[in-house]
Amino acid sequence: METMIRQKIKAVRKGDQSAFEDIVSFYQNKVYYICYRMIGNAYEAEDLAQEAFIRAYTNIHTFDERRKFSTWLYRIATNLTIDRIRKKKPDYYLDAEVRGTDGLDMYSQLAIDQASPEEEVESLELQSYIHREILALPPKYRSVIVLRYLDELALQEIAEILDIPVGTVKTRVHRGREALRKRLRHV
């Protein structure tokens, strides 16, 4: 697959825009989920993923072909998401009541693609709670926890995406896990 991506990159560099469409099609879900798991908002994740592809396209000439394209693209997406998190001030809270409703909160406004069976409700609530706690971690820990445990990337790949040493990744994973463990100790 990496060979096909490298061929597409060469075609893009020669001016073939349709080759980049193929690259986007291949990576769009993965980039979206990286952004979504870090930011926790579907609309912002879509914007960030789109911006990541735009940046990748406009900077394709800087891509080092000796490296994996996915790592380079994920780094762009992760950096954009971290920047957005740093700039973002929370203007709403999911547990805040929606004005004009009778006790509905923002959680009730989240779209669910598919109704889950009753026996999975508790599991879904726990997953949701854990995800909220991950979102509450500082960005430097949140990014490594998301990349390591939700996206299941190797430590070396995380180091390349974040452009930090593997030892730093290990430290942040450990500290992020400890911070998360403290936040989840009563579960």
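Colleague: What covers the buried residues of α6?

Modeller: Please bear in mind that this is a predicted model. Helix α6 spans residues 139–150, and its buried residues are Tyr141, Arg142, Ser143, Val144, Ile145, Val146 and Leu147. The cover over these buried residues includes α2 (17–39), α4, α5 (121–135), α7 (155–162) and α8 (166–183).

Colleague: What does the secondary structure of the chain come to, in helices and strands?

Modeller: Along the sequence the pattern reads α-α-α-α-α-α-α-α. The secondary structure therefore comes, with helices counted as DSSP runs of H or I of at least four residues, to 8 helices and 0 strands.

Colleague: Which share of the contacts in the chain with a separation of 6 or more comes from residues 24 or more positions apart?

Modeller: The chain has 187 residues, of which 34% count as buried. Among contacts with a separation of 6 or more, residues 24 or more positions apart account for 61%.

Colleague: Is the crossing of α6 and α7 left-handed or right-handed, and which residues make the contact?

Modeller: The crossing of α6 and α7 is right-handed. By class, their contact has 6 nonpolar, 1 polar and 1 charged residues. From α6 the contact takes Ser143, Val144, Leu147 and Arg148, and from α7 it takes Leu155, Ile158, Ile161 and Leu162.

Colleague: Serine 143 is part of that contact. Is serine 143 buried or exposed, and what does it touch?

Modeller: Serine 143 lies in helix α6. Because its relative accessibility is 1%, serine 143 counts as buried. Not counting residues up to four places away in sequence, serine 143 touches Met38, Thr78, Ile82 and Leu162.

Colleague: Where is methionine 38 placed, and what is it in contact with?

Modeller: Methionine 38 has its place in helix α2. With a relative accessible area of 0%, this methionine is buried. Leaving aside neighbours within four places in sequence, methionine 38 is in contact with Thr78, Thr81, Ile82, Ile85, Leu135, Arg142, Ser143 and Val146.

Colleague: How many Å apart in space are methionine 38 and threonine 81, C-alpha to C-alpha?

Modeller: Threonine 81 lies in helix α4 and counts as buried at 0% relative accessibility. Beyond its neighbours within four places in sequence, threonine 81 is in contact with Cys35, Met38, Ile39 and Leu48. Methionine 38 and threonine 81 are 43 residues apart in sequence, and their C-alpha separation in space is 7.0 Å.

Colleague: At what angle do α3 and α4 pack, and which class does that give the pair?

Modeller: Helix α3 covers residues 42–58 and helix α4 covers residues 69–87, with their axes 9 Å apart. They pack at an angle of about 130°. That angle makes α3, relative to α4, oblique.

Colleague: Which residues of α3 meet which residues of α4?

Modeller: The crossing by which α3 passes α4 is right-handed. By class, the contact between α3 and α4 has 9 nonpolar, 1 polar and 4 charged residues. On the α3 side are Glu44, Leu48, Glu51, Ala52, Phe53, Arg55 and Ala56, and they meet Trp72, Leu73, Ile76, Ala77, Leu80, Thr81 and Arg84 in α4.

Colleague: Where does glutamate 152 lie, and what is its phi?

Modeller: Most residues other than glycine have a negative phi. Glutamate 152 lies in the loop between α6 and α7 and is exposed, with a relative accessible area of 66%. Although it is not a glycine, glutamate 152 has a positive phi of about 55°.

Colleague: What is the phi of aspartate 163?

Modeller: Aspartate 163 is found in the loop between α7 and α8. Its relative accessible area is 57%, so aspartate 163 is exposed. Aspartate 163 is not a glycine, yet its phi is positive, at about 60°.

Terms used:
Residues are numbered from 1 along each chain as its sequence is written. This is a predicted model: local features need pLDDT of at least 70, side-chain atom pairs count only at pLDDT 80 or more; totals for chains, interfaces and linings use all residues. Side-chain values use heavy atoms; hydrogens and water are left out. Axes are lines fitted to C-alpha atoms, for helices over the stretch in contact, and angles run from 0 to 180 degrees between N-to-C directions. Helices (H or I, at least four residues) and strands (E, at least two) are DSSP runs, numbered from the N terminus. Angles under 35 degrees count as roughly parallel, over 145 as roughly antiparallel, 65 to 115 as roughly perpendicular and the rest as oblique. A crossing is left-handed if the near helix is turned anticlockwise from the far one by less than a right angle, and right-handed if clockwise. Contact means heavy atoms within 4.5 Å. Ala, Val, Leu, Ile, Met, Phe, Trp, Tyr, Cys and Pro count as nonpolar, Asp, Glu, Lys and Arg as charged, and the others, Gly among them, as polar. Buried means under 20% relative accessible area, exposed over 50%, partly exposed in between (1.4 Å probe, protein chains only).
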